[in-house]
Amino acid sequence: MAADTYFTRREAGEYAYTIEANRLKFGLGAIAEVGWDAKTLGMKRVALYTDPRVAKLEHVAIAAGALKAAGLDVVIYDEVAVEPTNRSFLAGAEFAREGGFDGFVSVGGGSVMDTAKASNLYATYPAELLTYVNLPVGEAKPVPGPLKPHIACPTTFGTASECTGMAIFDMLEMEMKTGIANRELRPTLGILDPAALTTLPELVVAANAFDVFSHAIESLTAIPYTERAAPENPTLRPMYQGANPYSDIACSEAIRLIAANIERAMAAPDDVSAREPLMFAGMLAGIGFGNSGCHVPHAMSYAVAGMVRDYYPQGWPDDHAMVPHGISVIVNAPAAFRLIGPSAAGRHLRAAQAMGVDIRNISDDRAGEVLATEVIRLMRATGVPNGISGVGYSDADIEALTDRTLPQQRLLDIAPRKISRDDLSQLFRDSMRYW
Ligand SMILES: NC(=O)c1ccc[n+]([C@@H]2O[C@H](COP(=O)([O-])OP(=O)(O)OC[C@H]3O[C@@H](n4cnc5c(N)ncnc54)[C@H](O)[C@@H]3O)[C@@H](O)[C@H]2O)c1
Ligand SMILES: [Fe+2]
């Protein structure tokens with residue numbers, strides 16, 4: 001294999017990377033096999049997690065029917081909060097603790113899958129919520145051992161929560177999103193059935209697509225894994241290792257698939273052939289970025305989502321203001337690509353090329369700008385908000401947004417250049433509006 005100079009070995013630098021992935025099943029109609037899968041995993045009494053809207057969809061009826069047909073005892077928990085919070089995580093965990101379940105099935109988007117992961121964790125190893133939550137908000141204590149089996153069945157395609165060891169929630173008291181990151185949280189199996197996507201509202205499709213897109217671009221432009229110091233022992237190798245040859249391939253293809261299909265998929269909701277490649281892209285990027293990591297746009301997104309005041313997006317429940325995850329990420333992305341482009345020019349050009357841009361005559365100093373321009377074009381075409389002003393922020397919020405982003409060091413550390421406090425403030429200023 002020809003060596004990519006991006007991964008040149010450094011003195012005492014990292015020399016290996018791991019590809020960790022769970023078992024995944026992909027295909028139209030695959031949800032009907034969930035009963036067989038749950039039984040094979042030894043489940044007898046199953047908690048089926050979903051949210052109030054997804055609970056009414058055929059996908060949940062098929063899953064519940066398949067579990068029952070396999071002879072399993074099924075109890076449905078349909079109270080998952082969309083964009084979960086510390087309070088809704090605790091409510092889900094209480095349901096799990098009281099129910100005496102030996103397995104979990106989640107049918108829904110990232111909100112549902114993450115709530116099932118957290119419920120499984122806190123029911124299996126009871127503790128104060130902050131015990132396992134990422135630093136600096138929580139104590140980031142290691143999970144004591146394996147969790148009960150969990151089959152995650154996404155009905156959206158952006159978060160890749162079915163592939164990852166992450167569970168994200170809104171820490172209400174701190175107006176900040178944070179999460180739990182631990183390999184034990186990774187579902188035992190993911191069942192990706194594109195049939196679920198035909199009922200997804202238009203803006204939810206766009207938000208998911210941009211989440212995938214940003215996972216993939218951030219992974220591609222992350223520091224190379226060889227730039228970290230080699231760990232003292234292999235167990236200390238982080239989950240987010242930096243870009244590596246495997247994540248590069250998965251993420252480049254994910255970018256291509258999203259750019260090629262997003263507009264078609266939004267125009268024809270019933271056409272599953274346009275939505276299927278989006279789900280495949282989400283899976284590819286999920287495995288890719290799950291092992292490499294994401295950086296600046298995602299680090300900024302937690303503050304943008306956490307400090308929301310009065311944004312009520314079309315397609316989501318309107319009982320509270322929220323900036324959905326994919327939107328909270330993409331509104332920062334063009335500004336971030338412009339800033340960090342020169343530090344990893346070849347990588348930004350590779351992402352632009354995957355979007356269909358002819359990169360032959362583009363100089364390195366324009367790489368970030370070219371990628372940003374292409375992303376902005378797609379944002380306009382899909383009707384997502386115009387930067388952070390489009391979701392309700394003004395210059396008066398920049399200090400607070402910056403304060404809440406600084407703690408995201410785990411993400412900022414794998415950006416291809418150092419990101420200072422001043423950089424972050426400038427990035428929020430530059431993210432205010434794009435057109
Ligand atoms: N665990 C991870 O690795 C990870 C990664 C990124 C984001 N997240 C988290 O995931 C959450 C967002 O998840 P999401 O974008 O998948 O959306 P979601 O689960 O929040 O759902 C969005 C809306 O779409 C509805 N919906 C879901 N599937 C539907 C379908 N098939 N048809 C019609 N309506 C449907 C839901 O009821 C909800 O109203 C956020 O909390 C985010 O922070 C987690
Ligand atoms: Fe994301």
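**Helix packing**

Mentor: Helix α5 passes helix α6 in a left-handed crossing (the near helix is turned anticlockwise from the far one by less than a right angle; helices are DSSP runs of H or I, at least four residues, numbered from the N terminus). The model is predicted, so local features need pLDDT of at least 70 and side-chain atom pairs pLDDT 80 or more, whereas totals for chains, interfaces and linings use all residues. Residues are numbered from 1 along each chain as its sequence is written, with chains lettered from A and ligands numbered from 1 in the order written.

Helix α5 covers residues 202–220 and α6 covers residues 245–267; their axes lie 9 Å apart, at an angle of about 155° (axes are lines fitted to C-alpha atoms over the stretch in contact, with angles from 0 to 180 degrees between N-to-C directions). The two helices are therefore roughly antiparallel (over 145 degrees). On the α5 side, the residues that meet α6 include V205, A209, V212, F213 and I217, and their partners in α6 include C251, I255, I258 and I262 (contact requires C-beta atoms, placed from the backbone, within 7 Å). The contact of α5 with α6 comprises 15 nonpolar, three polar and two charged residues (Ala, Val, Leu, Ile, Met, Phe, Trp, Tyr, Cys and Pro are nonpolar; Asp, Glu, Lys and Arg charged; the others, Gly among them, polar).

A second pair is formed by α10 (residues 333–340) and α12 (residues 367–382), whose axes come within 7 Å and cross at roughly 170°. These helices are therefore also roughly antiparallel. Among the α10 residues meeting α12 are P334 and F337, with L371 and V375 among those in α12.

Key: Parallel < 35°, antiparallel > 145°, perpendicular 65-115°, else oblique. Contact = placed C-beta atoms within 7 Å.
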